[in-house]
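Q: I have a structure open and want to go through it. Can you take some quick questions?

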Amino acid sequence: MPEEATDDDIRAAALQYVRKVSGFRVPAAHNREVFERAVDEIAEATRELLAGLEVRGAAARRPA
C-alpha cells in the first residue's frame, strides 16, 4: 500500500503545482489572495481524491 500523504505533503504539492502553473514562486501582494485560494482548493481536492481511492489487492501483497 502506498505511503500516506500528510497534510503537509498535500499542501506542499498544491503549492508546487500553483507555483508551476502560475509562473510565480511568490505572488505579488495584489495576487496573493487568489494564489492562496488556489493552493487551498487544490489541497482540498487532493485530500478528497486520496480519501476516495480504493487500493485493491493491498492485503494480498502483504507478507504472511
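Predicted model: local features only at pLDDT ≥ 70, side-chain atom pairs only at ≥ 80, totals over all residues.

Q: What is the average pLDDT, and how many residues score at least 70?
A: The average pLDDT is 89, and 86% of the residues score at least 70.

Q: Where is confidence lowest, and where is it highest?
A: Confidence is lowest in helix α3, residues 58-61, with a mean of 56. It is highest in α1, at 98.

Q: How many helices and strands are there?
A: There are 3 helices and 0 strands. Going from the N terminus, the elements run α-α-α.

Q: Which residues form the largest nonpolar core?
A: That core has 6 residues: Ile 10, Ala 14, Val 18, Phe 35, Val 39 and Ala 43. Helix α1 (7-22) and helix α2 each supply at least two residues of this core.

Q: How much of the protein is buried overall?
A: Buried residues make up 12% of the 64 residues.

Q: Where is Ile 42 found?
A: Ile 42 is in helix α2.

Q: Buried, exposed or partly exposed?
A: Ile 42 has a relative accessible area of 25%, so it is partly exposed.

Q: And which residues does Ile 42 contact?
A: With neighbours within four places in sequence left aside, Ile 42 is in contact with Ala 14, Tyr 17 and Val 18. The C-alpha atoms of Ile 42 and Tyr 17 are separated by 8.6 Å, and the two residues are 25 apart along the chain.

Q: What share of the contacts is between residues 24 or more positions apart?
A: Such pairs account for 65% of the contacts with a separation of 6 or more.

Q: Switching to charges. How many salt bridges are there?
A: A search of the whole structure finds 6 salt bridges.

Q: Which residue does Asp 40 pair with?
A: Asp 40 forms a salt bridge with Arg 11, and the closest N and O atoms are 2.5 Å apart. Asp 40 is in helix α2 and Arg 11 is in helix α1, so the pair ties together parts that are 29 residues apart in sequence.

Q: How accessible are those two?
A: Asp 40 is partly exposed, with a relative accessible area of 42%. Arg 11 is also partly exposed, at 33%.

Q: What about Arg 47?
A: Arg 47 forms a salt bridge with Glu 44, with the closest N and O atoms 3.3 Å apart. The two residues are 3 apart in helix α2, so about one helical turn separates them. Arg 47 is partly exposed, with a relative accessible area of 30%. Glu 44 counts as partly exposed at 36%.

Q: And Glu 54?
A: Glu 54 forms a salt bridge with Arg 56, the closest N and O atoms being 3.1 Å apart. Glu 54 counts as exposed, at 60% relative accessibility, and Arg 56 counts as exposed at 66%.

Q: Which residues make the nonpolar surface patch?
A: Leu 49, Leu 50 and Leu 53 make a patch of about 280 Å².

Q: Where does Leu 50 lie, and how accessible is it?
A: Leu 50 lies in helix α2, residues 32-52. It counts as partly exposed because its relative accessibility is 38%, and partly exposed covers the range between under 20% for buried and over 50% for exposed.

Notes:
Residues numbered from 1 in each chain as written. Heavy atoms only, no water. Patch = residues over 30% accessible without salt bridge, like charges linked within 9 Å, V, L, I, M, F, W, Y side chains within 5 Å. Areas by Shrake-Rupley, 256 points an atom, 1.4 Å probe, with all protein chains shown as cover. Salt bridge = Lys/Arg side-chain N within 4 Å of Asp/Glu carboxyl O. Helix = DSSP H or I, 4+ residues; strand = E, 2+ residues; numbered from the N terminus. Buried < 20%, exposed > 50% of the residue type's maximum accessible area, 1.4 Å probe, protein only. Core = buried A, V, L, I, M, F, W, Y, C linked by side-chain atoms within 4.5 Å. Contact = heavy atoms within 4.5 Å. pLDDT = per-residue confidence, 0-100.
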